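Student: I have a protein model open and would like to learn how to read it. Could you walk me through it, one feature at a time?

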Amino acid sequence: VSTAWVYENFALTAGEKKINLRDFCDDQFPGREKAIRLRRGVEASEIRNDLEIITAARFPELAHIKEKFLAAGADAALMSGSGPTVFGLFRSAEADKAAVCCRELQREYQRTYLVAPLVS
């Protein structure tokens, strides 16, 4: 996905931010560079990437991948940046579902990885 193409086709019309990462962050370490520690789970309806609408319209495969994450039990799935990376968020207690999802996606997409967030 060409970042230049995405931005050329992006109209700056989003007037509101539904969410800000700070809304979720634990303030245990204010002002220090630490890993993000979430106070609560993230709902799929609470996260968005304004660039995803443009990119997914041109590359419908992105929506297909997101659907696979959600069907596998991810709490949320989102495109990162201007694409083409898509990620799914699974709760720690659902690590087995994340592993199964990773194996399933690797059948279609060789560059699929299972990672854990940084913790302090």
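Student: Let me start with one residue. Leaving aside neighbours within four places in sequence, which residues is T112 in contact with?

Tutor: Once those neighbours are set aside, T112 is in contact with C102, L105 and Q106. Please keep in mind that this is a predicted model.

Student: Where is T112 placed, and is T112 buried or exposed?

Tutor: T112 lies in the segment that follows α4, the helix of residues 95-108. To judge burial, look at the relative accessible area: under 20% counts as buried. T112 has 12%, so T112 is buried.

Student: How do I read the helix α4 itself?

Tutor: Start with its length. α4 has 14 residues and spans 21 Å from first to last C-alpha, close to the 20 Å expected at 1.5 Å a residue. Then ask which way the side chains point. An α-helix has 3.6 residues a turn, so residues three or four places apart point the same way.

Student: Which residues of α4 are buried?

Tutor: A98, C101, C102 and L105 are buried in α4. Viewed down the helix axis, the buried residues of α4 fall within an arc of 105°, so they line one face. D96 and R107, on the other side of α4, are exposed.

Student: What do the buried residues of α4 pack against?

Tutor: They pack against α3. L105 gives you a close-up: not counting residues up to four places away in sequence, L105 touches K68, F69 and T112.

Student: How many residues does the largest nonpolar core have?

Tutor: That core has 14 residues, and L51, I65, F69, V86 and L105 have the most contacts inside it. At least two residues of this core come from each of α2 (50-58), α3 (61-71), β1 (76-79) and α4. The largest share, 3 residues, is from α3.

Student: G81 is new to me. Where is G81?

Tutor: G81 is in the turn of the hairpin formed by β1 and β2, which has 6 residues between the strands. G81 has a positive phi of about 60°.

Student: In which sense do β1 and β2 pair?

Tutor: β1 and β2 (residues 86-89) pair in the antiparallel sense, over 4 bridges. To find the pairing on your screen, look for L78, which stands opposite F87 in β2.

Student: How does the protein look when I step back?

Tutor: From the N terminus, the elements run α-α-α-β-β-α, with 4 helices and 2 strands. Of the 120 residues, 24% count as buried. Among contacts between residues at least 6 apart in sequence, 53% join residues at least 24 apart.

Notes
Residues are numbered from 1 along each chain as its sequence is written. This is a predicted model: local features need pLDDT of at least 70, side-chain atom pairs count only at pLDDT 80 or more; totals for chains, interfaces and linings use all residues. Side-chain values use heavy atoms; hydrogens and water are left out. Buried means under 20% relative accessible area, exposed over 50%, partly exposed in between (1.4 Å probe, protein chains only). Contact means heavy atoms within 4.5 Å. A nonpolar core is a set of buried Ala, Val, Leu, Ile, Met, Phe, Trp, Tyr and Cys residues joined through side-chain atoms within 4.5 Å. Two strands pair if DSSP finds at least two bridges between them. The expected span of a helix is 1.5 Å times one less than its number of residues. The arc is that of the directions from the helix axis to the C-beta atoms.
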